[in-house]
Amino acid sequence: MANGESKRKGTQRDPQRTQRDFLCVPSRKPLRPLRLKIFILVLVLAIGTVATADQTRRRKAINKPPTQQRLPAPVKYSAFLHSSDKHKSLACNACHKVPTAWTAKRDFPDVADFPNHDACVRCHRPQFFTRQALAGSGPAICTVCHLRAAPREDGRFAFGKPNVTGQAIRLKDERQFTIEFPHDRHQNVIAATRPDRGTNQAVSFIRASFFESRTDDQKRPDYNNCSICHQRNDYLFIATRSALPDARTEPYIFFKTMPHSHDSCFNCHWKNQKPTSDDCGGCHKQTATFLASDVPVRKSARFNHEGGGKGGDHAVECTTCHINITRASTLRGLTPDVSIVSCATCHNDNKTITYKTIVTVESELAQFKKSGECQYCHTPDVGKKKPPASHEAAVK
Amino acid sequence: MKPGFEVRNSSSIIIGALILTVLLVGNLLSHAQTPDARSLGIIRLKVKYKSGGVTKELPRKRFFLIKGTLDDNRMLIDRIKQAEVISRECYYRSKGASLPLIRWLNEYDCDSVYCREIEARYLSGSDTVPEFQAAYNLGLREFKTPELARRWLTVNLSADIREGFYRQKQEVLGALVKQSEAATKTRVMSVMTDRKGTAYLTDIEPGTYTISNLVGSETGKTSILWACEKEVKAVNLAIALRPLTVSNEKDPKLKCEIVERPLPVCEK
């Protein structure tokens, strides 16, 4: 009986299946355990990803619990911010006087010191003189400029770098401003052509500012060009250079500094020529997002500005190789990069002016394929990276 | 419940979850991706001019890259060809500048007094430039030290003498660039030639462009205005290194409109 029943079950058609076949509905097998597992795994992953992304976003947006957010943050009078609403509403010369007592600090008129006490006291009298302010270690507001809040404390922070300890947002290098400088306009206004007097004037034109001990021939004035603002750098430290594998180290003197004093600007912009010295905002822009680097990135620290064969062909005008300078209207994104085009003009196998005995872009790339390094021009940190597309294009 | 509903529903959920995951992962990855590196072009510009039988390079002059062919920019080109720009010498004469100052500017082809250091020899003696001498004397009173008075001399010069000609030229150029940008809806790029008359225009979207100095460049006795057409292709360095040489001489291979005018005689 049992056998007969089971046989019947085996051969008996499923009435639901019959119906599906008749209606042309595709048949589906029941969900297998493996599929179920995959489904659960995918679902968990998806939910997990959503939850993590959401949480990260929330963490970024909310630093404090909601109860704290509603309360105004306590004002820290020891931390000065140019970006506070009140300070922002003031003109720069409401506090900063131009010039300060410059003869004591500089050899030119300058904004060389913190504003006078009056600049702070006229709004912040309670923070200086109330019993509450004087309690404890003294008025905290004094420590914006002074090292300690004490009546006879003369020690002060360096001007331009006030006390920012305890500031919620600490800017890179503790600077609250960045500088805007249009190289293109300045290139226009200083454009000059040194007359050719039959010698290779242009070479000595650059060298005049490069050498410490000049020959009589080189003791000519340093005419306005890049070296007016970018002085030679005797103190530059390039970390990668110390790790060079051979003795071929190039002198530091070719690398330039960036202007760090008002002297480079005030010699033209002291008065009359806008932006003038009392218009701080003409050059200094408040920032929380952008700060130009103080130290340029050196990609070819092994390049010898004095080189270029017997003719010293490397010693051309700065902008001959630093080709982006004359078109740069801002410092944002500006680098003194030298395009491979500038190098390949001479260091190229296909050109008649190729320096045959010296490296070409082609041979350097071939070298990279063998050793994984380009070290004729580049320091090891850069030379071990894959050459950019522009370099590859040079040998096509 | 319809037959097979459970099975179909589960499959839909799997597909839905997969789509969701793909979208999420795609979204997360998109933040880490850098923009596509497009192929951009380069022009190596070389500017020369022939004067008195000698070919020279045109140093330290600004050239502009304007989107479109010469015909596309016809209005602009007609405008720059017709524009009358006063010469440097005539400008300074009209402002009552002394001859030594005009000579000082001409010697280094300077549009403003900022172009070169003002040496002590121009403050007294046979080379004296009266304008510099007067400004120096004012500086001596203000800055106390002779060296600072000399280095900061320009702050006591009048605006016209200081950079009036340069400013006037920049106003004309600014208006022309603005017109070009409005017409082409593309930012105008510019570069300055080096002492050998070479300049590189980089990161150019492939297309056809007009290269022009927009205002005639003074070259000794004449003023030369260029407007040349150039097709830019995605970079191939071998192509980029081939210079685009523009000159005041006729070149059948290059589509250029050149206007060379003698510098005007200035009224005294």
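Tutor: pLDDT is the predictor's confidence in each residue, on a scale from 0 to 100. This is a predicted model, in which local features need pLDDT of at least 70 and side-chain atom pairs count only at pLDDT 80 or more, while totals for chains, interfaces and linings use all residues. Residues are numbered from 1 along each chain as its sequence is written, and chains are lettered from A and ligands numbered from 1 in the order in which they are written.

Student: What is the mean pLDDT of chain B?

Tutor: In chain B, 85% of the residues reach a pLDDT of 70 or more. The mean pLDDT of chain B is 87.

Student: Among the elements of chain B, which has the highest mean pLDDT?

Tutor: The elements are helices (H or I, at least four residues) and strands (E, at least two), taken as DSSP runs and numbered from the N terminus. The lowest mean pLDDT among those of chain B, 60, belongs to helix α8 (residues 237–241). The highest, 98, belongs to strand β3 (residues 62–67) of chain B.

Student: Over which residues of chain B does pLDDT stay under 50?

Tutor: Two residues are in contact if their C-beta atoms, placed from the backbone, lie within 7 Å. The stretch in question has two contacts beyond four places in sequence. Where pLDDT is low, the predicted coordinates should not be read in detail. The stretch is residues 28–37 of chain B.

Student: What pLDDT does chain A average, and where is it below 50?

Tutor: Chain A averages a pLDDT of 71, with 62% of its residues scoring at least 70. Residues 1–13 of chain A have a pLDDT below 50, and beyond near neighbours in sequence this stretch has one contact in the model.

Student: What does helix α7 (residues 117–129) of chain A span between its end C-alpha atoms?

Tutor: The expected span of a helix is 1.5 Å times one less than its number of residues, so a straight helix of 13 residues would span 18 Å. A kink of about 90 degrees lies at A:C123, shortly before the proline A:P126; the bend at a residue is the angle between axes fitted to the seven residues ending there and the seven starting there. Helix α7 of chain A is also hardly covered, as one of its 13 residues is buried. Between its end C-alpha atoms, α7 spans only 13 Å.

Student: Where is A:P99 found?

Tutor: The peptide bond from A:V98 to A:P99 is cis, with omega near -10 degrees. The position of A:P99 is the loop between α5 (85–89) and α6 (102–105) of chain A.

Student: Is B:D109 buried or exposed?

Tutor: B:D109 lies in the loop between α4 (99–107) and α5 (130–143) of chain B. Its phi is near 55 degrees, a positive value in a residue other than glycine. Because 20 other C-beta atoms lie within 10 Å, B:D109 is buried.

Student: Is B:K144 buried or exposed?

Tutor: B:K144 also has a positive phi, near 70 degrees. Its place is the loop between α5 and α6 (146–151) of chain B. Because B:K144 has 12 C-beta neighbours inside 10 Å, it counts as exposed.

Student: With which residues is B:L254 in contact, leaving aside its neighbours within four places in sequence?

Tutor: B:L254 lies in the loop between β9 (244–246) and β10 (256–262) of chain B. It is partly exposed, because 14 other C-beta atoms lie within 10 Å. Its contacts are B:C228 and B:V246.
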